[in-house]
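This report describes how the parts of one structure meet. Please keep the sequence and the model at hand while reading.

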2 protein chains.
Amino acid sequence: MPKIVDAEARRQEVVQAVFRIIASDGLERASLREVADEAGLAVGSVRHYFSSSDELLVFSFGAVIDRIADRLEAAMSAVEAKSPGSPEQQAAVLNLLGQVLPLDEELAVDACVWMAFRHAARIKPVLAAEAARSHRTVAAVVGRLIMLLSPGEADAHQTLVTEAERLLATMDGLCMHALLQPEWMTAEMCSDVLTAHLRSLGAVPTVR
Amino acid sequence: MPKIVDAEARRQEVVQAVFRIIASDGLERASLREVADEAGLAVGSVRHYFSSSDELLVFSFGAVIDRIADRLEAAMSAVEAKSPGSPEQQAAVLNLLGQVLPLDEELAVDACVWMAFRHAARIKPVLAAEAARSHRTVAAVVGRLIMLLSPGEADAHQTLVTEAERLLATMDGLCMHALLQPEWMTAEMCSDVLTAHLRSLGAVPTVR
DNA sequence: TATTTTTTAGCACGAACGTGCTTCAACACC
DNA sequence: GGTGTTGAAGCACGTTCGTGCTAAAAAATA
């Protein structure tokens with residue numbers, strides 16, 4: 001009966017428009033009118049697929065989380081496939097951590113959008129649930145990575161948690177600086193910092 | 001001739017209102033009307049002291065940068081007054097790094113406002129100059145700290161820069177997590193992570 | 001071809017925004 | 001005690017926002 005349109009594909013197109021607007025003009029400019037223009041649609045059309053502005057934003061937040069989570073999961077599998085301590089594993093780990101950094105234009109858009117939504121979630125309660133999911137998802141991957149890289153010591157649970165949070169903080173800090181001060185935080189500086197951090201992981205394995 | 005009013009004090013009161021609004025409702029809610037209400041003034045009065053909305057925001061950004069810079073400078077002096085390697089110095093360093101974290105309500109407001117302005121500066125060109133100043137100021141303090149804590153090796157300039165950026169990233173990441181996920185990133189977790197980071201500084205002193 | 005249902009487009013309303021401009025009140029000075 | 005400068009207040013205009021609601025267009029089915 002209807003015009004044959006893949007609803008899910010349309011929603012993804014709209015979400016991509018949201019991403020582009022957030023990356024270039026910020027989340028507060030991602031209004032229905034701006035999104036509709038960017039997607040080449042009318043406001044009524046966008047509202048046909050997303051019943052409200054909030055629903056569009058929450059869906060877009062979830063979409064970027066899924067994108068990042070998928071990339072991290074794939075990169076984590078690659079890490080686990082390498083032999084422990086090998087240079088190949090080291091490279092795979094750097095690749096994994098680089099998935100959340102704006103190292104190319106596509107990654108930069110995701111990083112921008114991800115940051116914008118997480119900060120917006122502090123204020124907008126509708127985004128809180130997705131923000132918590134985002135944190136849990138990434139923390140789980142980083143936790144597995146820390147367990148993999150920490151020599152033995154399955155008992156020192158406290159150390160593992162602290163080291164996971166430490167790596168998580170460094171990753172988000174690097175992402176922030178690469179987005180906000182790209183002149184100072186270049187891609188190779190990111191790589192140097194991450195390498196130094198990984199060296200510090202191996203060098204301070206046990207508590208105290 | 002005029003009504004006797006300390007203009008600078010009035011400006012500071014308005015700025016404090018801006019801070020409270022940003023901390024509780026976000027930067028985008030810091031409109032002239034909201035700020036005037038929060039300060040107990042009329043829109044026209046606020047505009048008497050700040051000729052435009054942009055000027056108010058830029059001035060407020062500068063104010064929070066100055067607050068943080070002053071605290072860091074004072075804490076840095078305290079660090080330099082302690083004997084190198086002593087537990088007192090260790091405590092002073094932790095205190096220094098804690099100045100940018102939301103460890104109490106006053107610090108939390110500053111951290112919120114600081115983060116909000118830095119992220120807004122990516123989009124709003126009027127804030128770019130202050131954002132650069134913010135980065136330079138904090139980076140200078142952290143650079144001095146790294147030089148103070150790094151054993152010898154005045155030659156390895158690359159290592160010092162990398163370690164400064166690494167500490168800077170960790171600080172901002174911790175600040176982010178403490179603001180956005182306070183359930184996970186508690187004050188003691190911040191302390192644990194910073195302590196682990198400082199241990200990693202001493203443990204991996206030289207390049208390679 | 002006629003019908004039915006989805007998709008697309010658009011209008012209208014109230015609210016909030018920044019800002020130019022005008023008006024009122026208050027106080028220091030001659 | 002006038003008087004003029006300045007702080008405080010507010011109106012008005014044009015924009016933009018979300019959203020409820022209506023109307024046209026398009027395509028698969030009868």
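Buried area is the accessible area (1.4 Å probe) that two parts lose on being put together, summed over both. The size of an interface is often given in this way, as the accessible area lost when the parts come together. The model is a predicted one: local features need pLDDT of at least 70, side-chain atom pairs count only at pLDDT 80 or more, and totals for chains, interfaces and linings use all residues. Residues are numbered from 1 along each chain as its sequence is written, chains are lettered from A in the order in which they are written, and side-chain values use heavy atoms, with hydrogens and water left out.

**Chain B and chain A**

Between chain B and chain A an area of about 3700 Å² is buried, and carbon and sulfur atoms give 69% of that area. Five helices of chain B each give two or more residues to the side that touches chain A, namely α1 (7-25), α6 (105-121), α7 (128-149), α8 (157-180) and α9 (187-203). Helices here are DSSP runs (H or I, at least four residues), numbered from the N terminus. With 16 residues, α8(B) supplies the largest share of this side. By residue class, the side of chain B comprises 21 nonpolar, 12 polar and 12 charged residues. In contact (heavy atoms within 4.5 Å) are 45 residues of chain B and 45 residues of chain A.

**The two domains of chain A**

The domain assignment, whose bounds come from an automatic or database source, divides chain A into domain 1 (1-51) and domain 2 (57-203). Their C-alpha centres lie 28 Å apart, and each domain gives 12 residues to the contact. On the domain 1 side there are 8 nonpolar, 2 polar and 2 charged residues.

The table sets out the two interfaces. A salt bridge is a side-chain nitrogen of Lys or Arg within 4 Å of a carboxyl oxygen of Asp or Glu.

| Interface | Buried area | Carbon and sulfur share | Salt bridges |
|---|---|---|---|
| Chain B and chain A | about 3700 Å² | 69% | 0 salt bridges |
| Domain 1 and domain 2 of chain A | about 990 Å² | 84% | 0 salt bridges |

**An annotated span**

According to the unreviewed UniProt entry, residues 31-50 of chain A carry the annotation "DNA-binding region"; such annotations may be inferred rather than shown by experiment. In the model this span is 75% helix and 0% strand, and its end C-alpha atoms lie 13 Å apart.

Conventions
Nonpolar A, V, L, I, M, F, W, Y, C, P; charged D, E, K, R; others polar.
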